[in-house]
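Hi,

Here is the structure I promised to pass on. Have a look at it first, and then read on for what turned up.

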Amino acid sequence: MIARVRGTEDILDLKLHNFIIDKIRKHLQRYNFSEIQTPILEKTELFVRSLGQETDVVTKEMYTFETEGGDKICLRPEATAGTVRAFLENKIEQTPWKVWSYGSMFRHERPQKGRWRQFSQINMEVINSSSVSEDCLFLKMLDRFFSKDLSLENYVLKINFLGCLDDREKHKSELKKYVDVQKDKICETCLVRKEKNILRIFDCKNESCQKIYKDAPKITDYLCSESESEWNQIQECLDLLSVNYIHDFSLVRGLDYYNGIVFEFSSRDLGAQNAFCGGGRYELAKALGSKKEYPSIGCAIGLGRLMLLLETVIEKLDIPNEKKLVAIIPMAKEQNLLSLLIADKLQFNELSIDVLLDDASIKSKMRRANKIGASHVLIIGEEEQKNNTVSIKDMKTGESQSVKQGDIVKYFK
Ligand code: HAM
């Protein structure tokens with residue numbers, strides 16, 4: 001037997017998935033976001049230029065291949081770069097461009113609970129808006145979605161502020177000095193990160209490294225006056241909007257395109273892979289060849305992780321019940337055609353119907369009707385065929401009733 005590819009999953013019940021997509025679609029309409037779709041296949045260069053040469057995603061996690069024509073193509077590892085590409089390529093003039101999309105992303109990571117190699121994200125971007133008020137509105141929008149629409153309680157919003165390029169350069173050089181002094185005490189990976197992309201050291205899961213970084217220079221201590229004022233405005237505005245957050249100075253995010261605010265929503269209930277939404281402010285257009293920069297903010301929700309989290313509060317959610325299902329049971333082959341005609345009429349009238357056509361006994365078909373959750377069973381035998389009736393059994397009460405074939409729709413409406 002051929003098994004599925006490691007790190008992928010078969011989702012056999014999409015009720016919760018569809019519930020979340022319905023909710024976010026309605027929620028984002030209230031904030032004037034439009035739904036878009038971009039391709040799963042993109043040029044590899046798109047991600048190399050935008051996510052950063054030294055990021056984990058680009059150095060080791062991308063699914064890339066070369067086409068016969070020699071193009072280097074990959075399965076998208078995230079959606080932001082593709083969205084900005086679409087913005088530039090389609091010459092969108094109406095801004096801020098507020099868009100969202102959802103779909104599969106691919107990263108060759110080590111699979112574990114909450115981490116897959118193929119996973120779904122709900123991605124949202126506001127392209128070309130530089131106001132810090134936009135940042136706060138965006139966070140309020142997300143917080144409201146999780147707390148009100150999805151009734152989630154057990155989560156935290158962590159934020160940090162990465163300032164401008166100069167702030168980061170100043171911070172990085174101070175950080176390097178600090179880590180250099182302690183270089184004998186940190187792990188091999190951190191030693192490499194220190195040289196190649198020092199902010200990544202904060203992602204280290206090693207406890208002894210984390211202890212050292214606790215007292216490391218913080219980016220928010222190296223902000224220029226403009227950045228400092230933005231950072232203060234953000235905190236004040238979030239307080240006014242009653243958005244609870246904690247300042248986590250080690251939150252730097254795994255992709256290089258961020259500046260300004262960065263954030264993550266996480267929950268202890270998820271275990272090691274605890275972030276179910278992450279994002280921040282970024283500038284990507286110039287890196288992708290645009291003459292002009294378009295300051296933007298966005299985020300992605302990890303749909304799989306959100307589903308794991310929602311399973312803990314599922315009884316609080318108003319997930320709509322599936323439509324009433326009616327099973328039609330012809331007693332013998334001679335009633336098959338009549339069963340199909342009746343099923344067709346009922347389906348035309350928007351009822352959910354399953355016709356049990358196999359050669360099994362009535363007893364075993366009744367058992368099956370029960371198993372598939374039929375609320376009613378419609379039995380058609382020789383007698384019913386002759387009299388233009390059907391026998392309808394209510395599976396809950398066990399009562400049966402003979403109904404004229406012309407009156408079945410009325411019976412169910
Ligand atoms: P990210 O933090 O790489 O950001 O991913 C966002 C979310 O996707 C994570 O918080 C997590 O819930 C989920 N996720 C990431 N990798 C995996 C995986 N291997 N398995 C399951 N879930 C995963 C981005 O992707 C940015 N593009 C977000 C963004 C949009 N920033 C600005 N705009």
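Which of the 26 residues around the ligand come nearest? They are E78, T80, E109, W116 and Y258. Before going further, please keep in mind that this is a predicted model.

Q121 has a polar side-chain atom 3.0 Å from an oxygen atom of the ligand. On the nitrogen side, an N or O atom in the side chain of E125 sits 2.9 Å from a nitrogen atom of the ligand, and a polar side-chain atom of Y257 also lies 2.9 Å from a ligand nitrogen. As for how covered the ligand is, it would expose 660 Å² if taken alone, and the protein buries 95% of that.

If you colour by secondary structure, you can see where part of that shell comes from. Strands β6 (118–127), β10 (275–282) and β11 (296–302) each contribute at least two residues to it. The biggest giver is β10, with six residues. Sorted by class, the shell around the ligand holds eleven nonpolar residues, eight polar ones and seven charged ones.

Next, a pair of helices. For α5 (residues 132–149) and α9 (residues 225–240), the axes come within 9 Å and cross at roughly 35 degrees. The crossing of α5 past α9 is right-handed. On the α5 side the contact is made by V132, D135, C136 and L139, which meet E230, Q233, I234, C237 and L238 of α9. The residues of this contact split into six nonpolar, one polar and two charged.

Most peptide bonds are trans, and most residues other than glycine have a negative phi. The bond from T95 to P96, however, is cis, with omega near 0 degrees. You will find P96 in the loop between α4 (80–89) and β5 (97–106). Look for N32 in the loop between α1 (15–30) and β1 (34–35).

Cheers

Notes. Residues numbered from 1 in each chain as written. Predicted model: local features only at pLDDT ≥ 70, side-chain atom pairs only at ≥ 80, totals over all residues. Heavy atoms only, no water. Near = heavy atom within 4 Å. Polar contact = N/O pair within 3.5 Å; in protein donor to acceptor, adjacent residues only side chain to side chain. Areas by Shrake-Rupley, 256 points an atom, 1.4 Å probe, with all protein chains shown as cover. Helix = DSSP H or I, 4+ residues; strand = E, 2+ residues; numbered from the N terminus. Nonpolar A, V, L, I, M, F, W, Y, C, P; charged D, E, K, R; others polar. Axes fitted to C-alpha atoms, helices over the stretch in contact; angles between N-to-C directions. Left-handed = near helix turned anticlockwise from the far one by under 90°. Contact = heavy atoms within 4.5 Å.
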